[in-house]
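Here is a walk through one protein model, from the whole chain down to single atom pairs. Keep the viewer open as you read.

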Amino acid sequence: MKLRRLVASIMGFGFLGASLVMAPAEAQWTSQPTMIGDNQVSVIRGADSWISVAWTAPTDMESFRMEVIEWQAGTELSYADGANAAYLFQDRTLSAGEIDVASFQLTTSAQTPNTFYIQVIASWEFEGQTYRFYPGGLNVRLVDYNGSADYELLTSSATVADIGDGRNNWVELDFLGLAPATRDLKVTVSGGVDVYYPQETYTSLHHDSLLNGSEEDVARIWIDPDLVTAGIAQLTLTVTYEVNGQSRTATHPFTLTIV
């Protein structure tokens, strides 16, 4: 499964007052790592899904690792190569300002609840001492695949502005693959609103036009603030794609709020 996409914006970190001087080891307690991106996860029931979490930190953290805990029946969590934790993709040090990813495998079954929570724990070393931090967790939603749908559109609405330079007017359409392979996926929009497509006449997925089973990917459109006025537009998304050599088309209602 491809790595889930990363969110570009990172929360700023605070600073220590001039009157407070901390030793390096003591400073580790305030140097908490940050999970980047959406904590909402959708997976196919019964599948073995790899879930990736992106991390950053304000200081160097050696031997950085991630553990995950859940309490649901019919659910199993595991790490690569039989390890007891998930380590970073690049190496085992999360350098200051770096973004790296740790992944774990989630296995669900018919007994797994439709929604549940996974606790995430970050651990790292400094001068021979281990530090642990509980940043929150992941909200997991299960999707049942019975062959009637090849993908699920996870986004049904968005809000954009009719003023400004439009930098915040990118609309992200999140897709979850249900069929083993949904190919050549293209999205167009109708409903009276001018839309900019990255591929000129349509938009496709961020990574490529192939959506594998259990993969989550995003397609983007842009709304020019100079071409819209405040109000609510009821749009229709038309998705064309191919499954098992057959061309298919699906439509989805989409609400665009312009403020």
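A residue is called buried under 20% relative accessible area, exposed over 50%, and partly exposed in between, using a 1.4 Å probe and protein chains only. This is a predicted model: local features need pLDDT of at least 70, side-chain atom pairs count only at pLDDT 80 or more, and totals for chains, interfaces and linings use all residues. Residues are numbered from 1 along each chain as its sequence is written, and side-chain values use heavy atoms, with hydrogens and water left out.

Start with the whole chain. Helices (H or I, at least four residues) and strands (E, at least two) are DSSP runs, numbered from the N terminus. Of its 259 residues, 42% count as buried. The accessible surface comes to about 13400 Å², and carbon and sulfur atoms own 49% of that. Such areas come from the Shrake-Rupley method with a 1.4 Å probe; for residues, only the protein chains shown count as cover. A contact means heavy atoms within 4.5 Å. Among contacts between residues at least 6 apart in sequence, 71% join residues at least 24 apart.

Now go to strand β3, residues 48–56. Seven of its nine residues are buried. Two strands pair if DSSP finds at least two bridges between them. Strand β1 (residues 34–36) joins β3 through three bridges, running antiparallel. There, Met35 stands opposite Trp55. Strand β7 (residues 100–107) is also antiparallel to β3, with eight bridges. Ser52 has Ser103 as its bridge partner in β7.

Thr56 belongs to β3. Its relative accessibility is 2%, so Thr56 counts as buried. The Thr56 side chain reaches the backbone oxygen of Glu98 at 2.8 Å. Across in β7 sits Gln105. Gln105 is buried because its relative accessibility is 19%. Setting aside neighbours within four places in sequence, Gln105 touches Asp48, Ser49, Trp50, Glu76, Leu77 and Ser78. The C-alpha atoms of Gln105 and Ala80 are 7.7 Å apart, although 25 residues separate the two along the chain.

Strand β12 (residues 170–177) pairs with β15 over seven bridges. Trp170 meets Trp222 as its partner in β15.

Finally, look at charge pairs. A salt bridge is a side-chain nitrogen of Lys or Arg within 4 Å of a carboxyl oxygen of Asp or Glu. The whole structure holds seven. One of them joins Arg45 to Asp144, with the closest N and O atoms 2.6 Å apart. Arg45 is in the loop between β2 (40–44) and β3, and Asp144 in the loop between β9 (129–143) and β10, so the pair ties together parts 99 residues apart in sequence. Arg45 is buried at 18% relative accessible area, whereas Asp144 is partly exposed at 48%.

Glu125 and Arg65 form another, at 2.8 Å between the closest N and O atoms. Glu125 is in strand β8 (residues 115–126) and Arg65 in strand β4 (residues 62–69), 60 residues apart. Arg65 is buried, at 14%.

Definitions and conventions:
A polar contact is a pair of N or O atoms within 3.5 Å; within protein, one must be able to donate a hydrogen and the other to accept it, and residues adjacent in sequence count only if both atoms are side-chain atoms.
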